[in-house]
Amino acid sequence: LNRRLAEFGTTIFAEMSALAVRTGAINLGQGFPDTDGPEEVREAAVRALRDGRGNQYPPGPGVPELRRAVAAHQSARYGLSFDPDTEVLVTAGATEAIAATLLALLEPGDEVVALEPYYDSYAACIAMAGARRVPVTLRPDPEAARFRLDLDELRDAVTDSTRLLLINTPHNPTGTVLTRAELTAIAELAVERDLLVVTDEVYEHLVYDDAEHIPLATLPGMRERTVTIGSAGKTFSFTGWKVGWVTASPALTTAVRSAKQFLTYVSSGPFQYAVAEALALPEAYFASFRADMRAKRDLLSAGLKEAGFDVFTPAGTYFVTTDIRPLGESDGFAFCRSLPERAGVVAIPNAVFYDHRDQGAPFVRFAFCKQTGVLQEAVSRLKALA
Ligand code: PMP
Ligand code: GLN
């Protein structure tokens, strides 16, 4: 393994899912639903396979049906207009979108300012591009029961070597949804320092209560300098299909495509047709998906509180971050490694998403994209810990 990748080892998700399989514990670690997405979307995939749509290499940028559907979705929901021919690129999940974007836009030695804790592939892709990550730590605000971005720290992190800001909202693992004020500050900084912004919005449909998902590209000055990343895995509960997309200006889309063509060349065909149909589902689908996840969020958050954790009730995503210190614990790694044996549950230590590991040490993430009965059973097991 080369020096760029050596520090990363095996992803925590693979490690923890393997631990769940080995111990038979309930897996609230890796974020994937235990119920597949809509039947009609599955049928659409079967139809595409059977009708021979996409069984041979589809077009590099993605099939036109899906590119049009992505553009229509961005337009109908956010008033953002993207040309499906020049400003939409289909990728093998958001993961490839992140990789292709960073490999396409970064020069060796460039700095990338990213919100910490960050999704694990960001750090690895920045390293593969030969660039440097500069983390800005989201800090817990106990009063707001939320992790907060310090705008002064963000500003101070930008240097003459900064090439881009890497943003994620709704944010994995903290569940924070960046506010309009925070996003405006990010946008102003990007314009002032002439930075590109890559924004990972895969949880755009999972926001709760008063929180609102505001795409960064809708803010003044951002349309031309932003690469927005989306994914069907999260929104339609088909994480195994690996269909994602990028929307950006023609120049940025062309750049990302230049990298994508040598990573996967094209993305799997039949699923693209099915996701095109999924994006056109009526609003009722999105509303009921969100309502279902909100109920699960409430169930797990309340259960974790009763079990003695401090809980940062998420405004978005399907993850809840907890603080384990009230349980007399301080090392999330040790806690998560022993949790299957102690309680028959698997969770993720947030420290893996930090460069400043000490900052993340007491935080542990639980996924709630699971059936109600599974969450109830997990809660009753966790209560036995106290
Ligand atoms: N970004 C974030 C913030 C994620 O949580 C995930 C994982 N689920 C991804 C990207 C990767 O998405 P995909 O499965 O579409 O590659
Ligand atoms: N994004 C999912 C999570 O945060 C998992 C994706 C993966 O396993 N790479 O749990």
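Which residues of strand E2 (residues 88-91) are buried, and on which side does each stand? The views below are of a predicted model, in which local features need pLDDT of at least 70 and side-chain atom pairs count only at pLDDT 80 or more, whereas totals for chains, interfaces and linings use all residues. Residues are numbered from 1 along each chain as its sequence is written, and chains are lettered from A and ligands numbered from 1 in the order in which they are written.

**View 1. Strand E2 is covered on both faces.** Val88 and Val90 on one side, and Leu89 and Thr91 on the other, are all buried (20 or more other C-beta atoms, placed from the backbone, within 10 Å of the residue's own; exposed is 12 or fewer, partly exposed in between). E2 pairs with strand E10 (residues 244-247) in the antiparallel sense over four bridges, pairing being called where DSSP finds at least two bridges between strands, and Val88 stands opposite Thr247 in E10.

**View 2. Strands E3 and E4 belong to a right-handed β-α-β unit.** Strand E3 (residues 111-116) runs parallel to strand E4 (residues 132-137), to which six bridges join it, with Val112 opposite Arg133 in E4. Helices (H or I, at least four residues) and strands (E, at least two) are DSSP runs, numbered from the N terminus.

**View 3. Arg290 lies in helix H12 (residues 283-306).** Arg290 is partly exposed, because 15 other C-beta atoms lie within 10 Å. Leaving aside neighbours within four places in sequence, Arg290 is in contact with His205 and Leu206 (C-beta atoms, placed from the backbone, within 7 Å), and its C-alpha is 7.4 Å from that of Tyr208, 82 residues apart in sequence.

Definitions and conventions:
Right-handed = clockwise from strand over helix to strand, strands pointing away. Contact = placed C-beta atoms within 7 Å.
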